[in-house]
Amino acid sequence: MQKINLQSDRSDDCPWWTHSIVGPLLHRKTVCDGAAQMFYLLCLMMGVPCQVIVGIGGGSAQDSGPHAWNMVRLGARYAHVDAFWDICKSSLQMGICYDYFNLNDSRIRSDHSWEAVEYPVCMTEKYSWFVLKKVEAETLEQYAAILRRYRDKGLMRPCVRFRELPPEAEIQRIVEDVYFTGRGGSFRIRCNSDQKIVQVAVEYQ
């Protein structure tokens with residue numbers, strides 16, 4: 001599969017086709033509504049009920065502005081998916097992100113807003129990536145335990161969602177204790193303060 005080269009959805013100079021499935025399908029470039037329409041099409045092909053949501057996106061890390069994402073129905077439950085933001089936050093250095101994969105209304109409202117009366121209510125996170133992978137932490141001790149689980153499996157890009165985001169200095173201390181006791185190396189940290197997510201990419205010397 002070829003990588004989609006996404007361009008910012010904040011530009012007023014984007015070609016018309018970036019706002020439709022033509023962008024990702026034919027040009028490997030898209031903005032948020034083009035990505036949402038592409039995700040909609042893929043869901044329908046897989047038999048997953050899906051719709052496009054039009055609203056406002058923005059949080060502490062970016063300016064607010066018009067935005068589009070998706071809502072899917074999984075069984076009798078609904079969930080939000082913002083594939084565009086997840087792809088934008090993913091990188092070769094940090095790995096694939098699932099920050100906005102199957103969120104409920106309460107969770108995604110931290111950096112998304114929409115006319116809720118026009119769409120179904122999303123009340124559960126049963127299918128959230130962080131719930132399914134059991135990578136949620138309320139304390140630093142729980143965070144250290146999750147990192148050790150990653151380390152013991154040889155996984156070097158742990159991603160954890162917190163109830164309350166701890167200071168970055170504490171995150172660094174735990175990563176060093178878990179991954180680098182007795183050996184050298186380096187690591188990078190990606191923080192999504194709106195969703196309270198910390199992703200680490202570890203490299204050994």
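M46 is exposed, with a relative accessible area of 68%. That is over the 50% cut-off for the exposed class. The model here is predicted. M46 sits in the loop between helix 2 (32-45) and strand 1 (50-59). Together with L42 and M45, M46 forms a nonpolar patch on the surface. The accessible area of L42, M45 and M46 together is about 370 Å².

Charge gathers on the surface as well. K133, K134, R149 and K153 make up a patch of positive charge there. Take K153 from this group. K153 belongs to the loop between helix 6 (140-152) and strand 7 (159-162). Its relative accessibility is 62%, so K153 counts as exposed.

Now turn to the salt bridges. Side chains of opposite charge can pair when their charged atoms come close. The structure holds ten salt bridges. One of them joins E125 and R107, with the closest N and O atoms 3.3 Å apart. E125 lies in the loop between strand 5 (112-113) and helix 5 (129-132), and R107 lies in helix 4 (residues 105-108), so this pair ties together parts that are 18 residues apart in sequence. E125 counts as buried because its relative accessibility is 10%, under the 20% cut-off. R107 counts as partly exposed, at 26% relative accessibility.

R107 has another partner. Its side chain meets that of E136 in a salt bridge, at 3.9 Å from N to O. E136 is in strand 6 (residues 136-137) and R107 in helix 4, so the pair links distant parts of the chain, 29 residues apart. E136 has 36% relative accessibility and therefore counts as partly exposed.

The backbone of R107 also takes part in a contact. The side chain of Q195 reaches the backbone oxygen of R107 at 3.3 Å. Where is the place of Q195? Q195 is in the loop between strand 8 (185-192) and strand 9 (197-204). Is Q195 buried or exposed? At 1% relative accessibility, Q195 counts as buried.

A further salt bridge stays within one helix. E170 pairs with R173, the closest N and O atoms being 2.9 Å apart. Both residues lie in helix 7 (residues 168-179), three residues apart, which is about one turn of the helix. E170 counts as partly exposed, at 26% relative accessibility. R173 is partly exposed too, with a relative accessible area of 36%. Elsewhere, salt bridges that share partners join R107, E125, E136 and R161 into one network.

Note on methods:
Residues numbered from 1 in each chain as written. Predicted model: local features only at pLDDT ≥ 70, side-chain atom pairs only at ≥ 80, totals over all residues. Heavy atoms only, no water. Patch = residues over 30% accessible without salt bridge, like charges linked within 9 Å, V, L, I, M, F, W, Y side chains within 5 Å. Areas by Shrake-Rupley, 256 points an atom, 1.4 Å probe, with all protein chains shown as cover. Salt bridge = Lys/Arg side-chain N within 4 Å of Asp/Glu carboxyl O. Lys, Arg positive; Asp, Glu negative; His and termini not counted. Charge placed at Lys NZ, Arg CZ, Asp CG, Glu CD. Helix = DSSP H or I, 4+ residues; strand = E, 2+ residues; numbered from the N terminus. Buried < 20%, exposed > 50% of the residue type's maximum accessible area, 1.4 Å probe, protein only. Polar contact = N/O pair within 3.5 Å; in protein donor to acceptor, adjacent residues only side chain to side chain.
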